[in-house]
Amino acid sequence: MITKKDHSQKDSHIRKPGIRPSRTKFQWIDIWVRSLVPMGFTVFVILFLSTPLDIPGRNELLPAVVMASVYFWAIYRPKSMPAIGVFCLGLLIDLLNFSIPGIVILLLLIIYGVGVTQRFRLARYNFVLVWLVFSFISLGVFLLQWALTSAFSLKLMPFYSFLFEIIFAIGFYPLLSIIFTWAHRTIADPDQV
């Protein structure tokens, strides 16, 4: 038999509609800034690694970090990493690194497409499976990049640089995933406002 006290305890767990205070101007600015963190971080990495500094592995590190960023945020916060933003990231890399126009854009949009279309499935997987999927995607897009670069150059390009890019992309993903997960739960989360 359910007593009156039991009803009251049950009702206390149900969210009741009510008037909530409207957000202030600074809270809306905070939400906007937090939503820009994924794109802002990726643009910063592109600018930093495109400068002529003597950073070991700079050319291999750039695509590895950008691909991991696009893949992660496409799965966990696609509103902060829209397709037009991914297009602009690829264009920025092409312009700063004098690469063949369009190839990096195509590769990033492929990664983004896989992440967005499979995000409900990937978000339920554990880290190892998400990393494994990223590894297969990285292998595929770098092979495609090597094939397209060779085709546009009318000669077979050396494969070792693409091999290093694959190794960097797969090897750095766990570390980057830790950083992105922390950001996803703190500074890049608009719900924290």
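## The stretch 127-147

Start with residues 127-147: this span is 100% helix and 0% strand, and its end C-alpha atoms lie 30 Å apart. Keep in mind that you're looking at a predicted model. The span is on the list of "transmembrane region" entries in UniProt, along with residues 31-49, 82-115 and 159-183, and the entry is an unreviewed one.

Now look at another stretch from that record, residues 82-115. Here the chain is 82% helix and 0% strand, and the end C-alpha atoms are 12 Å apart.

## α7 next to α8

Helix α7 covers residues 127-153 and helix α8 covers residues 160-185. Their axes come within 9 Å and cross at roughly 155°. That angle is over 145°, so α7 counts as roughly antiparallel to α8. The crossing of α7 past α8 is right-handed.

Who touches whom? On the α7 side you'll find F127, V130, W131, F134, S135, S138, L139, F142, Q145, W146 and T149, and they meet F162, E165, I166, A169, I170, Y173, P174 and S177 of α8. Sort the residues of this contact by class and you get 13 nonpolar, 5 polar and 1 charged.

## α7 next to α5

Helix α7 also has α5 (residues 103-117) beside it, with axes that come within 10 Å and cross at roughly 160°. These two helices are therefore roughly antiparallel to each other, and their crossing is right-handed.

From α5, the contact uses I103, L106, L107, I110, I111 and V114; from α7, it uses I137, V141, L144, Q145, L148, T149 and F152. In this contact 11 residues are nonpolar, 2 are polar and none is charged.

## α5 next to α3

What about α3 and α5: at roughly what angle do their axes cross? The answer is roughly 25°, and the axes come within 8 Å. That makes α3 roughly parallel to α5. α3 passes α5 in a right-handed crossing.

On α3, the residues to look for are V66, M67, V70, Y71, A74 and I75, which meet L108, I111, Y112, G115 and V116 on α5. The class count for this contact is 10 nonpolar, 1 polar and no charged.

## Aromatic rings

There are 13 aromatic pairs in the structure. One of them is F72 with F180, a tilted pair with 5.4 Å from centre to centre and 45° between the planes. F72 belongs to helix α3 (residues 58-76) and F180 to helix α8, so this pair ties together parts that are 108 residues apart in sequence.

Key:
Residues are numbered from 1 along each chain as its sequence is written. This is a predicted model: local features need pLDDT of at least 70, side-chain atom pairs count only at pLDDT 80 or more; totals for chains, interfaces and linings use all residues. Side-chain values use heavy atoms; hydrogens and water are left out. Axes are lines fitted to C-alpha atoms, for helices over the stretch in contact, and angles run from 0 to 180 degrees between N-to-C directions. Helices (H or I, at least four residues) and strands (E, at least two) are DSSP runs, numbered from the N terminus. Angles under 35 degrees count as roughly parallel, over 145 as roughly antiparallel, 65 to 115 as roughly perpendicular and the rest as oblique. A crossing is left-handed if the near helix is turned anticlockwise from the far one by less than a right angle, and right-handed if clockwise. Contact means heavy atoms within 4.5 Å. Ala, Val, Leu, Ile, Met, Phe, Trp, Tyr, Cys and Pro count as nonpolar, Asp, Glu, Lys and Arg as charged, and the others, Gly among them, as polar. UniProt positions are given in the numbering used here, feature names are shortened, and annotations may be inferred rather than shown by experiment. Rings of Phe, Tyr and Trp (its six-membered ring) pair if their centres lie within 6.5 Å; planes under 30 degrees apart count as stacked, over 60 as edge-to-face and the rest as tilted.
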